[in-house]
Amino acid sequence: MSNIRISNLSFRYEDSSENIFNNLDLDLDSFWKLGLVGRNGRGKTTFLNLLRGKLHGLGKIQTKLNFSYYSISINDPTNITLYELQDQVQFEQWELERELNLMGVDPNLLWQPFNTLSGGEQTKVLLALSFTDQDSFPLIDEPTNHLDEDSRKMVSEYLKKHDKGYIVVSHDRDFLNQVTDHILAIENTEMHLYQGNYASYEDTKQKRDEFNQAKNIKLGCEIKGMNKKYVRFNNWSDSIEAQKYSGMKTQYIINRRTQLNKGAIGHAAAKMMKKAINMQHRLDRKIDAKKGLMTNIEEVPELTMNFQPNYHQTLIEAQHLSLKIAGNDLFKNLNLLIKNHSVVSLEGKNGSGKSTFIKLLLGKQNEVGYQGKFVLTNGLTISYLPQDFTQYTGTLKHFAQKHKISYEELLSNLKKMGFPRSAFNTPIEEMSMGQQKRVALAKSLVELANLYLWDEPANYLDVFNQDQLIKLLKEVKPAMLLIEHDQYFIEQVASQRVKLR
């Protein structure tokens with residue numbers, strides 16, 4: 001297999017005045033298991049589409065590789081899965097069955113309509129499809145969204161079984177640590193290549209950022225000192241200018257009596273003025289040079305949330321709770337206690353009833369039968385972050401009005417999360433999934449609440465946004481029931497972990 005050589009590549013979208021990439025030069029080995037990381041909206045999917053030839057920029061991309069892409073769009077979800085995939089991609093049935101067996105997935109799923117597969121099953125089938133052609137180079141975009149912990153492990157084990165290289169986009173740190181040996185990071189409009197997995201990249205980047213921050217502080221002090229000098233020289237220059245005219249007026253009176261040289265004092269003042277201006281110019285050049293040495297470090301602003309502790313200490317209590325839906329058991333014997341200032345994670349496989357339990361608490365699930373006891377304290381103000389946030393529509397202004405939240409606070413949190421200003425007037429339903437998720441999250445943060453019910457908050461968020469949330473939850477310590485599959489996120493914020501059986 002050959003390498004991917006990228007020379008002087010720049011790209012911008014037609015409706016944008018700024019480049020996403022500027023003069024990229026990269027040489028990527030096709031045997032690398034490469035993780036592509038960076039903030040939402042900085043060009044990860046764009047980069048994959050440039051490699052695939054779906055987009056074209058200035059510069060060159062040279063490779064003999066054929067690319068496969070995860071995930072393809074499904075045109076007819078009611079079609080039998082095998083037939084729907086064969087309508088879009090050329091492969092033999094046995095090739096896809098081989099990959100499903102490697103993943104530990106039942107190949108009989110191929111004979112079901114695609115829309116009858118669970119989200120995790122759909123993900124696994126489409127990922128296996130990416131590897132059916134042994135001569136193609138897989139480009140894998142966000143394979144872990146909505147997968148439970150076991151499924152993520154299954155997918156990571158599957159990827160580790162392959163000797164061939166690939167490029168994978170993911171915001172799950174644990175997943176990236178298991179499936180990558182190189183990291184390609186988009187930082188502003190630049191791309192930096194690191195050897196090792198995500199943990200190695202994070203360690204290297206942290207040390208580099210700490211060095212650059214120390215350098216910036218030192219340069220900032222030097223610039224501050226130069227600016228003080230600049231002000232002094234500017235004041236000196238103004239003083240000379242004032243003395244010049246004052247001196248010439250005085251000299252005029254003297255000259256009437258003594259007939260001294262009329263231009264002597266004016267000439268001396270002009271020389272001093274020129275000297276002051278030259279020194280100002282030299283300082284200008286030095287200040288500009290120092291500023292040029294400063295490194296642009298990406299800041300991660302702090303988020304805010306409107307948590308208001310309730311006077312009750314216990315907000316939710318479940319004792320020996322079992323749920324059934326349509327006669328099928330979801331989980332049994334759940335014991336759960338959520339108090340003020342405690343984040344409790346509710347964990348379990350996809351389909352185990354986590355989201356159903358939250359909807360039951362909210363009174364939105366009427367078809368569920370249960371045994372045991374659950375109590376939600378009366379009078380609580382609850383903020384709910386749904387897993388399915390595609391229900392939100394309209395412009396941000398109308399959205400804020402509809403949900404009776406502060407438009408200004410909504411925009412403030414979105415800006416802090418790196419939401420592009422250019423999308424402020426875009427209808428929510430036309431935004432990318434990452435943008436829609438940030439809108440849903442910003443809404444929950446703005447709402448005044450005694451209790452938060454969050455269903456998979458880390459999905460579709462880049463690690464910068466995840467770190468913002470982690471820091472916020474650690475500092476505020478709100479009362480929260482959290483459903484999440486990202487193990488790093490859970491470990492950082494949960495004061496108690498409850499696993500469903």
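In what order do the six strands of the open sheet lie? The order is 5-6-7-3-8-9, with mixed pairing. The model is predicted: local features need pLDDT of at least 70, side-chain atom pairs count only at pLDDT 80 or more, and totals for chains, interfaces and linings use all residues. Residues are numbered from 1 along each chain as its sequence is written, and side-chain values use heavy atoms, without hydrogens and water.

Strands (E, at least two residues) and helices (H or I, at least four) are DSSP runs, numbered from the N terminus. Two strands pair if DSSP finds at least two bridges between them. Strand 5 (66–70) and strand 9 (190–195) form the edges, each pairing on one side only. Within the sheet, strand 3 (residues 33–38) and strand 7 (residues 166–169) run parallel and are joined by four bridges. Leucine 36 has valine 169 of strand 7 as its bridge partner.

Helix 5 covers residues 149–161. Its 13 residues should span 18 Å at 1.5 Å a residue, and the 19 Å between its end C-alpha atoms agrees; the expected span is 1.5 Å times one less than the number of residues. Buried residues (under 20% relative accessible area, 1.4 Å probe, protein chains only) in helix 5 are Ser151, Arg152, Val155, Ser156, Tyr158 and Leu159. They cover an arc of only 155 degrees around the axis, so they lie on the same side of helix 5. The arc is that of the directions from the helix axis to the C-beta atoms. Among the elements covering these residues are strand 3, helix 4 and helix 6 (173–179), by contact (heavy atoms within 4.5 Å).

Note on methods: Buried means under 20% relative accessible area, exposed over 50%, partly exposed in between (1.4 Å probe, protein chains only).
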